[in-house]
Amino acid sequence: MIPFPLSLEPTYGKLIAYLVFLLIGLAFGYVLESSGFNKSTLLAKQFYFKDLRVFKVFFTAIVTAMLMIFGAAAIGLLDYNLIWVNPTYLWSGIVGGLIMGVGFILGGFCPGTSLVALATFKIDGILFVLGGLVGVFIFGETEQLITYFFNGSYFGRVTLMDVFNIPTGVIVIGVTLMALFMFWGGEKLERSIGGKAADSEPKARYIGAAVVVTLAIIIAFVGQPTSEDRWNLIESVKQPELDARAYQIHPAELLHNFHEHKINLKVIDVRSESDYNIFHIMDSQNLSLEELPSLISEFHLEPANTLFVVASNDEKDSTEAWKYLVAESVPNVYILEGGINYWLDTFATEYEKEFCEGNKDNCQDEELRYIFTQALGASCPAAYPEPEHFEDLEYITKIKMELKRAPTGGGCG
Amino acid sequence: MTTATPEVKVPFYKKLFMRESKNYWNSYVGGVLLGMVLFASFFLTGNGLGASGGLSRIAAFIEDMIAPDHVNQVPYLISMAGGQLNPLDNWIVLVTLGVIIGGFISGVINGRAKFETNKGPNISNRTRWIFAFLGGIFFTYGARLARGCTSGQALSGGASLSAGSWVVMFAIFGGAYALAYFVRKLWN
């Protein structure tokens, strides 16, 4: 398993987790103050091209963190799937951003910088924070009026790699070069408009530039781990468990979880569309193995109590899907034991038998064994069996819900 | 009974705030260190940094103290402070608290923690205060709408390569640059 990020709260308890967050905040505040972000006049100079400190600190930080994140991910130390990547809400993001820009130039701070200004007794900073509390209050009270706009244009976890459809390494190089270009242009502006001396920045920054470009190229060259690489990392643990049938759940255990209110159940049916139309479990989602990769990020955004059960006609395709999902760090994934065939063996009623001509003789792997005379879909009792009728079924309980490691909300909650 | 003596013994805590003010770090050095803090946050917790989320919860906490019944009727507040929920019981509040403490420590050590108002040369303190207050209202309103501010969206999402965060980042700078010319009297 990829060791980072840590499963902080479930493993170490709330106290330790909160202490870590406090220390991270402390370091954040210390660096913000030391970088000059508690002084509104210095921040505002950014917008008149006199001192581009904000740009320089900001994009140096982005490049540094980006190189470290994707460097750590490249060597299998950090799981990018489990990192909070802000979901995209396009229009509320654009309008919100523009309003923030107005607040920035009028008030001279952003929320983070205003907090360090407050901490160092800048009266304008204190007033910005007070205004900030009022702004939050107004938003909370008026959110109902704009809720459609606020929640509309949702695209989920979209990365720049998805938008441009190019590998992570290329984006990393691109962002690095763009930042360096902006630093070069920014320094030119500082000299021409801000009247800064030509040697106001140390020569060592050229070495820094060479280092970040080299790192970006190395990251692109190494590449990010594929699903196969990710499976190889966990195979030694997961394959024996799979062989010991730790993840194959009895149809009755799945049925039991239909009625478990604390569980958000997702049944994923990876069979062909025609088999799915003939018969499927109620509320199951028909997805091909090829469709799964594009849905991984969506699965990670599901709440922590989500239980995924993959089903095929027997267990071959569902096991493939299981391996893929587990390799991509999706939590709480199980396989329907014996697949839909076994499900029907267990739950078929007189109603289904009426539409069934019996069993296929030489049933191949992953073939629906029952021969239906009509496509029933989910409109038959076996698609949603009555639990009272099957209370005497015995099975070994295998589902153990794990607390998920991936954050379900960013710093915006 | 206070007799003014020329040799006033300055107490320790006052001395703390009379240190000589030091220069800020070089921008690139500050940026690298900020990037490392951001990475540490992602690496250890899976979350990036944030600031406006903390303010949001503090405001919800105040509202919940004054008018709990009202909070339970507003959908946006319910998720933070509805019923028995304590809006302060969230990681982002700890980060926010840390930011204040960290900023304070750095400010004191480097002699930059002092009561003052930073403003452009052509406006009064009062004008500066009014605009700071107004700016705060606009900024956090926008930050709530965009689900994060310069820290939670632009910085954190920028580094984790979220497409939406890059859009927000350009919108923030775009909005500020577009208005900068018209309010130049505030700062120049």
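At what angle do the axes of α1(A) and helix α2 (residues 27-45) of chain B cross, and within what distance do they come? In this predicted model, the two axes cross at roughly 170° and come within 10 Å. Angles over 145 degrees count as roughly antiparallel, so α1(A) and α2(B) are roughly antiparallel to each other. On the chain A side, the residues that meet α2(B) are Leu8(A), Val20(A), Phe21(A), Ile24(A), Ala27(A), Phe28(A) and Val31(A). Their partners in α2(B) are Gly30(B), Leu33(B), Leu34(B), Val37(B), Ala40(B), Ser41(B), Leu44(B) and Thr45(B). Sorted by class, the contact of α1(A) with α2(B) comprises 12 nonpolar and three polar residues, with no charged ones.

The axes of α1(A) and helix α6 (residues 91-109) of chain B cross at roughly 40° and come within 6 Å. The two helices are therefore oblique to each other, and α1(A) passes α6(B) in a right-handed crossing. The residues of this contact divide into 14 nonpolar, eight polar and one charged.

Helix α4 (residues 90-107) of chain A packs with helix α9 (residues 163-180) of chain B at an angle of about 40°, and their axes are 7 Å apart. That angle makes α4(A) oblique to α9(B), and the crossing is right-handed. From α4(A), the contact draws on Leu90(A), Gly93(A), Ile94(A), Gly97(A), Leu98(A), Met100(A), Gly101(A), Val102(A), Phe104(A), Ile105(A) and Leu106(A). From α9(B) come Val167(B), Val168(B), Ala171(B), Ile172(B), Gly175(B), Ala176(B), Leu179(B) and Ala180(B). The contact of α4(A) with α9(B) has 15 nonpolar residues and four polar ones, and no charged residues.

What does the interface look like when chain A and chain B are taken whole, and how much area do they bury between them? The buried area is about 11,500 Å², with 74% of it on carbon and sulfur atoms. In terms of contacts, 133 residues of chain A touch 123 residues of chain B. Within chain A, the residues that lose the most area to chain B are Phe28(A), Met100(A) and Leu106(A), which together account for 7% of what that side buries. Two of these helices have been met already: Phe28(A) takes part in the contact of α1(A) with α2(B), while Met100(A) and Leu106(A) belong to the contact of α4(A) with α9(B).

For chain A, an unreviewed entry assigns "transmembrane region" to residues 15-33, 54-77, 89-109, 121-140, 160-184 and 204-223. The span 15-33 of chain A is 100% helix and 0% strand, with its end C-alpha atoms 27 Å apart. Residues 54-77 of chain A are 88% helix and 0% strand, and here the end C-alpha atoms are 31 Å apart. For chain B, an unreviewed UniProt entry lists residues 24-44, 91-109, 129-146 and 166-183 under "transmembrane region". Residues 24-44 of chain B are 86% helix and 0% strand, with end C-alpha atoms 28 Å apart. The corresponding values for residues 166-183 of chain B are 83% helix, 0% strand and 26 Å.

UniProt places "domain: Cyclic nucleotide-binding" (unreviewed entry) at residues 124-176 of chain A. That stretch is 72% helix and 6% strand in the model, and its end C-alpha atoms are 35 Å apart. The UniProt feature "domain: Rhodanese" (unreviewed entry) covers residues 261-352 of chain A. Over this span the chain is 38% helix and 20% strand, with 28 Å between the end C-alpha atoms.

The peptide bond from Phe4(A) to Pro5(A) is cis, with omega near 0°, and Pro5(A) is found in the segment before α1 (8-34). Ser153(A), although not a glycine, has a positive phi of about 40°. This serine, Ser153(A), sits in the loop between α7 (147-151) and β2 (154-156) of chain A.

Notes: Residues numbered from 1 in each chain as written. Chains lettered and ligands numbered in written order. Predicted model: local features only at pLDDT ≥ 70, side-chain atom pairs only at ≥ 80, totals over all residues. Heavy atoms only, no water. UniProt positions renumbered as here; feature names shortened; annotations may be inferred. Helix = DSSP H or I, 4+ residues; strand = E, 2+ residues; numbered from the N terminus. Axes fitted to C-alpha atoms, helices over the stretch in contact; angles between N-to-C directions. Parallel < 35°, antiparallel > 145°, perpendicular 65-115°, else oblique. Left-handed = near helix turned anticlockwise from the far one by under 90°. Contact = heavy atoms within 4.5 Å. Nonpolar A, V, L, I, M, F, W, Y, C, P; charged D, E, K, R; others polar. Buried area = accessible area lost by both parts, 1.4 Å probe.
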